[in-house]
Amino acid sequence: MSNKALELDGVFAGYGENPVLKGISFSLEEGRRLAVLGPNGSGKTTLLRVLDGLLDWRGKLKILGKDASGMKREELAKSVAMMSQFSGASLPYTVEETVLMGRYVHMPRGIFAGPGEKDRRAARECIRAAGLSGWENRRVTELSGGQLQRVFLARTLAQEPSVILLDEPTSHLDLKYQTELMDYLKNWGQQPGHTVVGVLHDINLALRLADTFLFIKEGKILAFGGKEILTPHLLDETYGMDVAAYMREAADRMEEIINGKHLSKPL
Amino acid sequence: MKRKNLLRVWIVLVACILALAAGIGIGSVMIFPADILGILGNKLFSLPLPAAVEASEVSIVWSIRFPRCLSAFLAGAALSASGTVMQSILRNPLASSYTLGVSSGASLGAAVVIVAGFTLPLAGALTLPLFGFVFGLGTVLAVIGFASRMDRGLENQTIILTGMVFSLFVNACMTLLSVLHQNYMQQLIRWQMGSFSGNSWEQVGILAVVMAAGVLYLCRFTRQMDMMTFGEEAARTMGVDTKRAKLKLIVAASLLTGTAVCFTGTVGFIDLIAPHVTRRVFGPAHKYVLPVSALFGGAFMVLADTLARTVLAPAELPVGAVTALIGAPFFAWVYFKGRGKA
């Protein structure tokens with residue numbers, strides 16, 4: 001029996017008086033890649049923020065088998081890392097300096113302590129993995145959104161977490177890098193002891209990355225399970241539209257492009 | 001990159017020594033660096049004085065200019081280090097501990113002492129600085145306490161907004177006090193504009209201890225400050241307990257400002273530009289920016305004070321005016337000089 005990466009039992013969380021998550025319960029084994037799907041405002045990002053300890057919550061939450069309430073920031077950061085959609089760069093640190101920040105929980109503390117050879121090696125490795133070799137001394141304020149996203153991927157990897165949380169990781173990325181990132185994370189998630197939880201809007205990308213799916217709507221779970229739970233009915237219920245018709249239309253257009261015909265219907 | 005920055009640190013250190021030499025040497029009586037060294041040797045190591053040095057020069061250097069320049073240096077350094085920290089953790093290039101009410105609080109404390117005209121037993125001449133300090137720090141603590149009640153996450157906007165509200169309130173109390181006691185106005189305004197005249201060795205001692213302890217303490221957080229510039233959530237994700245770090249840093253930075261302000265009045269501008277200029281030259285990493293902006297701010301304050309007391313001698317300009325008068329063009333020069341080179 002494999003270990004549980006995440007165990008949630010009746011988790012409530014929200015902002016101010018109104019709970020956004022209204023009793024979320026599921027458990028995820030280590031080695032799984034979970035895609036969280038749902039309409040805007042359903043509580044997907046709130047769920048990630050709870051898992052990353054950024055938001056207060058009620059209920060029971062265990063991370064890697066340990067009770068998450070009362071877990072210290074540093075302890076949590078050694079297990080869980082989040083690659084966020086909103087993190088910007090305000091000052092011109094170099095790519096290497098930025099990635100090294102991910103090593104914070106592994107570094108010695110003190111006035112004169114700094115990153116050791118091990119940290120630098122780990123940072124270099126993550127920079128390479130994110131496809132940023134040769135960019136070590138570039139300033140993060142001079143990078144495009146997509147390049148910055150890669151820096152944040154490298155920084156997340158440098159943290160050496162067991163669980164990576166992704167909040168709309170592909171929002172700044174072009175098609176090619178979107179698929180590359182998904183494939184990279186899929187591969188990362190297949191290493192022993194690794195778990196990926198991603199909030200994704202694009203069902204195709206979700207299918208490319210994940211082996212487990214969580215559908216939430218209005219703060220409650222609609223469905224949780226493997227690929228077998230994916231039905232047209234569930235998708236329609238989640239998004240409140242005829243998803244199958246939309247997909248079919250997109251597929252038809254693609255078919256026409258592939259066959260070299262002019263588009264019969266305007267885009 | 002690293003080697004370059006180390007070389008630059010040495011250049012800044014030399015500039016500090018030159019600034020101090022200028023501050024001590026220049027005045028109605030000119031004293032040359034060799035003589036200053038001679039007097040220093042005599043006082044510290046009982047070496048024989050150089051033959052050309054007169055007794056009056058010894059007392060000018062040792063009893064007046066040394067304490068004055070050193071307190072200017074230490075106050076400038078304390079203000080700049082504190083400004084660096086506030087700008088970084090509040091993620092606002094205009095923030096300083098003045099934003100959180102240190103100066104308004106200190107001014108009110110000073111006003112109370114000036115108007116009431118009392119001295120505390122034991123404190124004696126230190127009554128005014130002591131009151132300034134307590135009121136200044138008290139205001140910041142009230143701001144932080146209030147802000148964390150309003151907003152458990154202690155967001156930056158909440159802190160800045162609360163700071164502004166408290167500052168305005170305390171300023172209003174101060175205005176009220178000065179209207180009711182108009183005969184003390186002149187004295188109050190003089191104090192607020194800031195001056196290093198009459199600073200003694202005791203004050204240098206207090207400033208030096210607070211400055212050294214404060215800046216060393218702040219240096220423990222350089223890495224956390226780097227991370228917090230990417231936003232608090234990012235820093236928390238990477239393992240920084242940002243709320244605790246922020247509280248500790250704000251209190252330490254306010255302590256530095258409060259100490260500087262209570263001996264010198266509210267000298268502005270240095271805490272604003274020193275971090276910006278330093279970042280421009282050294283890049284954003286706080287392990288350089290924090291100590292170097294302290295050195296830079298110290299040297300800048302010594303030069304500003306030297307100008308303040310010599311330009312219209314024997315009259316003395318308020319040093320707060322001089323820091324802004326030479327600081328603003330200097331700031332523009334540093335920024336526009338670097339244009340195009342990136």
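Helices here are DSSP runs of H or I at least four residues long, numbered from the N terminus. In this predicted model, one such run is helix α14 of chain B, which spans residues 319-337. B:L325 has its place in that helix. With a relative accessibility of 62%, B:L325 counts as exposed, because the cut-off for that label is over 50%.

Over in chain A, the thing to look for is a sheet. Six strands make it up, and they line up as β6-β7-β8-β3-β9-β10. The sheet is open, and its pairing is mixed. At the edges sit β6 (80-83) and β10 (220-225) of chain A, each with pairing on one side only. From one strand to the next, the twist averages 15 degrees.

A parallel pair within chain A is worth a look too. Strand β3, residues 33-37, and strand β9, residues 212-217, run parallel and are joined by four bridges. Within this chain, A:L34 finds A:T212 of β9(A) standing opposite.

Helices of chain A also meet these strands. Helix α6 (residues 175-189) packs on the sheet and touches β3, β7 and β8 (195-199) of chain A. The direction of α6 makes about 145 degrees with that of β8(A). Helix α5 (residues 145-158) of chain A, for its part, lies across β6 and β7 (163-167). Relative to β6(A), helix α5 runs at about 180 degrees.

Technical notes. Residues numbered from 1 in each chain as written. Chains lettered and ligands numbered in written order. Predicted model: local features only at pLDDT ≥ 70, side-chain atom pairs only at ≥ 80, totals over all residues. Heavy atoms only, no water. Pairing = 2+ DSSP bridges. Helix = DSSP H or I, 4+ residues; strand = E, 2+ residues; numbered from the N terminus. Axes fitted to C-alpha atoms, helices over the stretch in contact; angles between N-to-C directions. Contact = heavy atoms within 4.5 Å. Buried < 20%, exposed > 50% of the residue type's maximum accessible area, 1.4 Å probe, protein only.
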